[in-house]
Amino acid sequence: MHPVLSKATTIAFAAAFALTVTGSSLAPARAADPGVSDTEIILGGDHPFSGPASAYGNIGKGIGAYFDYVNDHGGVNGRKIKWIDKDDGYSPPQAVQIVHQLVEQEHVFAIFDSLGTAVNTAIRPYLNQQGVPQLFVATGATTFGKDGAQYPWTMGWQPDYQAEGILYAQDVLREHPHAKIGVLYQNDDYGEDMIAGLKRGLGSHQTLITKMASYETTDPNVSSQVATLKSAGCDTYMIFATPKFAIQGMVAAAQQSWHPVIYLNNVSNTIPYMNAVKRAAGVGAVNGIISTIYLKDPANHARYAGDAGMKEYVSIMDKYLPGADKDDGNYIYGMSIAFTMVDVLKRAGKDLTRKKVMDLANHINETDNPWVYPGVVVRTSPSTRFPITQMITAKWLDTDWSPTGVLVDTRSFATAK
């Protein structure tokens, strides 16, 4: 889940709206925190239901479906969750306006799962100054794990982007030690985070990176960037891109008769996206691509046939999002992250305060999330603020992702240097 604006624009905008946040301890909670009554908990969020990343809007819909399911089964300690989720168009300025409205007019208890690196960077100073939880943001940007002392009210959820980049680097060094690496990346903090991880993982072998080509989210396509990487003689292709551009990048490579070893970032690897590439460019355009997994894939029917969690997912989708594409992994991402939010709220009990919820969010040990990849534990500590640090590499073979190797806990290298 990624930003839209360039890094310079993002920084300038965030600075314009930021309020200075200092200190390493949480601000004291109010006597009666907003957004909580005897019968209700109000949570706010913002997702791109329009704009260049609108595919990610289904995450918010998945969250809403799970909250409806929880409410129909008694709610959380006798309270129902009211979920107010607004369209920010994947735009930091729009997200800032929305979050101010949610906090000051809707009086939400917390902001939950706002999506995108640039979006969350822009709203983070305000929420921390106000003492409003910014929980389980939908981005793996390294800052949301390592900067907890400066922003104690903010926490990530999915794996660290730099850790993902390191895994790809390790695979290259092990399987393709003489690679000539070409990188297609989004020209913003997301793309730079992935590149930083790749370079860290390569270490003294960073010279393997032969060429890098960036794109803006306003670009119509990335065909020229792909041509640049091909002409540079690259035989290994890193795609650090959101779905629209990742799909374009895979199709363009096939259309240009370029057949490198391909590594595809996790955020663009759902089976429907891979099938879209197959339809446009053939099976050869995707076979052998390497990526990572940390959630179950609802489109992998054979692998998860009979899985209790997947049956529950399908049941929730059928009731609360009838007609939606159940194979879209964005829905299960939304439900899995909502499960963690509900878990924290349940553990907070009837005496629900913002500070208590943040304290509990720093002490998660969730072993029963039904939608994470088998063996993955959702856990935090005051010094480890990325709840998910385990991933496994996978290779696309014919119709789905086939895990390779073993589940890797990236805590040993998840902190940015």
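Of the 8 residues in strand 1 (residues 40-47), 7 are buried, so the strand is largely enclosed by the rest of the structure. Buried here means under 20% relative accessible area, exposed means over 50%, and partly exposed lies in between, with a 1.4 Å probe and protein chains only. Strands are DSSP runs of E with at least two residues, helices are DSSP runs of H or I with at least four, and both are numbered from the N terminus. This is a predicted model, in which local features need pLDDT of at least 70 and side-chain atom pairs count only at pLDDT 80 or more, while totals for chains, interfaces and linings use all residues. Residues are numbered from 1 along each chain as its sequence is written, and side-chain values use heavy atoms, with hydrogens and water left out.

Which strands pair with strand 1? Strand 2 (residues 80-87) runs parallel to strand 1 and is joined to it by 8 bridges, and strand 3 (residues 110-112) is also parallel to strand 1, through 2 bridges. Pairing requires that DSSP finds at least two bridges between two strands. On the strand 2 side, Glu40 stands opposite Lys80; on the strand 3 side, Gly44 has Ile111 as its bridge partner.

Strand 3 and strand 4 are held in the parallel sense by 2 bridges, and Phe112 has Leu135 of strand 4 as its bridge partner.

Strand 1, helix 2 (residues 57-72) and strand 2 build a right-handed β-α-β unit. Right-handed here describes a path from the first strand over the helix to the second that runs clockwise when the strands point away from the viewer. Gly57 belongs to helix 2 and is buried, at 2% relative accessible area. Apart from neighbours within four places in sequence, Gly57 is in contact with His47, Pro48 and Phe49, where contact means heavy atoms within 4.5 Å.

## Two helix pairs

Helix 3 also has a helical partner: its axis and that of helix 4 come within 9 Å and cross at roughly 35 degrees. The crossing is right-handed, that is, the near helix is turned clockwise from the far one by less than a right angle, with anticlockwise giving left-handed. Among the residues making the contact are Pro92, Val96 and His100 of helix 3 and Ala118, Ala122 and Tyr126 of helix 4. By class, this contact has 11 nonpolar, 1 polar and 1 charged residues. Nonpolar covers Ala, Val, Leu, Ile, Met, Phe, Trp, Tyr, Cys and Pro; charged covers Asp, Glu, Lys and Arg; the others, Gly among them, are polar.

Helix 9 (residues 243-255) and helix 10 (residues 271-281) pack at an angle of about 35 degrees with axes 9 Å apart, and their crossing is right-handed. The residues that meet include Ile247, Met250 and Val251 in helix 9 and Tyr273, Met274 and Val277 in helix 10. How do the residues of this contact divide by class? There are 11 nonpolar, no polar and no charged residues.

## Strand 12 and its neighbours

In strand 12 (residues 390-397), 6 of the 8 residues are buried, so this strand is largely enclosed by the rest of the structure. Strand 12 pairs in the antiparallel sense with strand 9 (residues 290-293) over 4 bridges, and Ile290 stands opposite Lys395. Another 4 bridges join strand 12 to the antiparallel strand 13 (residues 400-403), with Ala394 opposite Pro403. Strand 14 (residues 408-409) is antiparallel to strand 12 too, over 2 bridges, and there Val408 is the bridge partner of Met391.

## Positive phi values

Most residues other than glycine have a negative phi. Asp398 takes a positive phi near 70 degrees in the hairpin of strand 12 and strand 13, which has 2 residues between the strands.

Ser257, in the loop between helix 9 and strand 8 (261-264), has a phi of about 55 degrees and is exposed, with a relative accessible area of 54%.

How values were computed
Axes are lines fitted to C-alpha atoms, for helices over the stretch in contact, and angles run from 0 to 180 degrees between N-to-C directions.
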